Amino acid sequence: MNAATIVSIMKPNITSLGYGLFLAINAAGVWGGVFPFLPMEFQTTEIVFWFFLAQSLVFSFSYFASALGSYFFPGPTRTFIVRLATMPYLLGWCCLIAAIYLDAWALPLVVGGGALLGLGSAGFYMLWQRLFASQDSDTGNRDLIKGTLYAAVLYFSLYLIPQAVTAFLIPLVFLPLFGLTIVLKSREIDLDQAMFQDVPRDHPLVYQRLVNDYWRSALCVGALGFCTGIMRSLAIGEPAVGSLVNVLSMGGSLTAAISLLVLWQFKNLSVNVVGAYRVFYPFVIPSFLLLPFLPEEYARWLAGGLYAVYSVAIMLMMIQCAQASRDRGINPVFIYGFFGGVVYALHDAGFIGGTLAGQVAIPGLSSHAVVALGAGYLLGFMYFFGQGGFHSALRGAHRSVPDVELVSLGPTP
């Protein structure tokens, strides 16, 4: 492959740059808002915990609410009302900045800012997902992958700007830029497509079949979210870990995006999310079981590594949801809201469960040991249900393995 071909593959457009800028700014909130670009002394354990709890709960709730809203009230989801996402996003950043200077109101401002940022970021993700789903498969997937690639480049570029300036540039300059991009690109969408004209309640069995077909994929990506939530709970008292996690997750996204774009030029690519999780599962379980036996530095790198894999899984989730919308002609907000709601709810469960487990005092066991045991049990439980649970086991779904047979010794009835 020559240099000209590589340049052609990586060449950005307005859509990919706008989405990349949104991801880069939002990535600053992966570990709690703009904390990588805010003073370290501001990042107390209490501030970071309550911010993330408010932001993550509202974020996952917004996905479920979007799925239900698109099902019962499909009309409003056909319009791109960017200001509904922009206003809470802008106000959320303003609350965080104000919290730095108003010590007496810091905690309420942080909680309010977290909730507003959760609502605004979920809204923007919905807008971008509808845009990608409305495009043809090649264009939509390529713009999404390129956007992920340039998100990493733009994120690392933020470190070149003085820290005191970055926090103000985000709401005043960067937010209007990617907001304007989604406004302009949304005007090019053909709203006569079947996915936008669909009225879900006219054919509920189609949507029931959709949920039956995709819940296992959602559970598998959600299992990764559960893992990352647990790791966040372990390191919530170390703000410096946030920067490490952001850097590693962005580095993983950059590597994955470049690899996908290059491989796509030579061959068809097919990734099965459930199959990929089956491969990943035997590695993630021992990585948690090693937590009590290895030094604190291991937990930091494990958190960064898991977030890198999780960020790639989120990109694949968006591609799969867009594909389902095109192939089945169903509302893109419904499938993305359902899929994302499951994933981010499990992420919240990991964070809350990990935090509670870390507070449990069991004689002879460290907090890391309690978390590791709980994580191993719950991950195994999710894997079991991902394979069909008791219904599949009792039904005998795996007939490729011969049954154990015992022939009755008594008289035949």
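Colleague: How do α6 and α12 sit against each other, and at what angle do their axes cross?

Modeller: In this predicted model, the axes of helix α6, residues 137–158, and helix α12, residues 296–328, come within 11 Å and cross at roughly 165°. Because angles over 145 degrees count as roughly antiparallel, α6 is roughly antiparallel to α12.

Colleague: And which residues in α6 and α12 meet?

Modeller: From α6 there are Ser137, Gly140, Asn141, Leu144, Ile145 and Thr148, and they meet Met315, Met318, Ile319 and Arg326 in α12.

Colleague: Is the crossing of α6 and α12 left-handed or right-handed?

Modeller: The crossing of α6 and α12 is right-handed.

Colleague: OK, what about α5, at what angle does that one pack on α12?

Modeller: Helix α5, residues 106–134, packs with α12 at an angle of about 55°, and their axes are 9 Å apart. That angle makes α5 oblique to α12, and α5 passes α12 in a right-handed crossing.

Colleague: Which residues make the contact of α5 and α12?

Modeller: On the α5 side they are Tyr125, Gln129, Phe132 and Ala133, while α12 supplies Met318, Cys321, Ala322, Ser325 and Arg326. The residues in this contact of α5 with α12 divide into 6 nonpolar, 2 polar and 1 charged.

Colleague: Switching topic, which residues touch the most other members of the largest nonpolar core?

Modeller: That core has 111 residues, and Phe124, Phe288 and Leu379 are the ones that touch the most other members. Helix α12 gives the largest share of this core, with 16 residues. As general background, nonpolar side chains tend to be buried together in soluble globular proteins.

Colleague: Take Leu379, then; what does Leu379 touch?

Modeller: Not counting residues up to four places away in sequence, Leu379 touches Ala223, Phe226, Cys227, Tyr277, Tyr281, Val284, Ile285 and Phe288.

Colleague: Now Leu306: where is its place, and is Leu306 buried or exposed?

Modeller: Leu306 lies in helix α12. Its relative accessible area is 6%, and because buried means under 20%, Leu306 counts as buried.

Colleague: Which residues is Leu306 in contact with?

Modeller: Leaving aside neighbours within four places in sequence, Leu306 is in contact with Cys227, Thr228, Met231, Phe280, Val284 and Phe288.

Colleague: And what separates the C-alpha atoms of Leu306 and Thr228?

Modeller: The C-alpha atoms of Leu306 and Thr228 are separated by 6.0 Å, although these two residues are 78 residues apart along the chain.

Note on methods. Residues numbered from 1 in each chain as written. Predicted model: local features only at pLDDT ≥ 70, side-chain atom pairs only at ≥ 80, totals over all residues. Heavy atoms only, no water. Axes fitted to C-alpha atoms, helices over the stretch in contact; angles between N-to-C directions. Helix = DSSP H or I, 4+ residues; strand = E, 2+ residues; numbered from the N terminus. Parallel < 35°, antiparallel > 145°, perpendicular 65-115°, else oblique. Left-handed = near helix turned anticlockwise from the far one by under 90°. Contact = heavy atoms within 4.5 Å. Core = buried A, V, L, I, M, F, W, Y, C linked by side-chain atoms within 4.5 Å. Buried < 20%, exposed > 50% of the residue type's maximum accessible area, 1.4 Å probe, protein only. Nonpolar A, V, L, I, M, F, W, Y, C, P; charged D, E, K, R; others polar.
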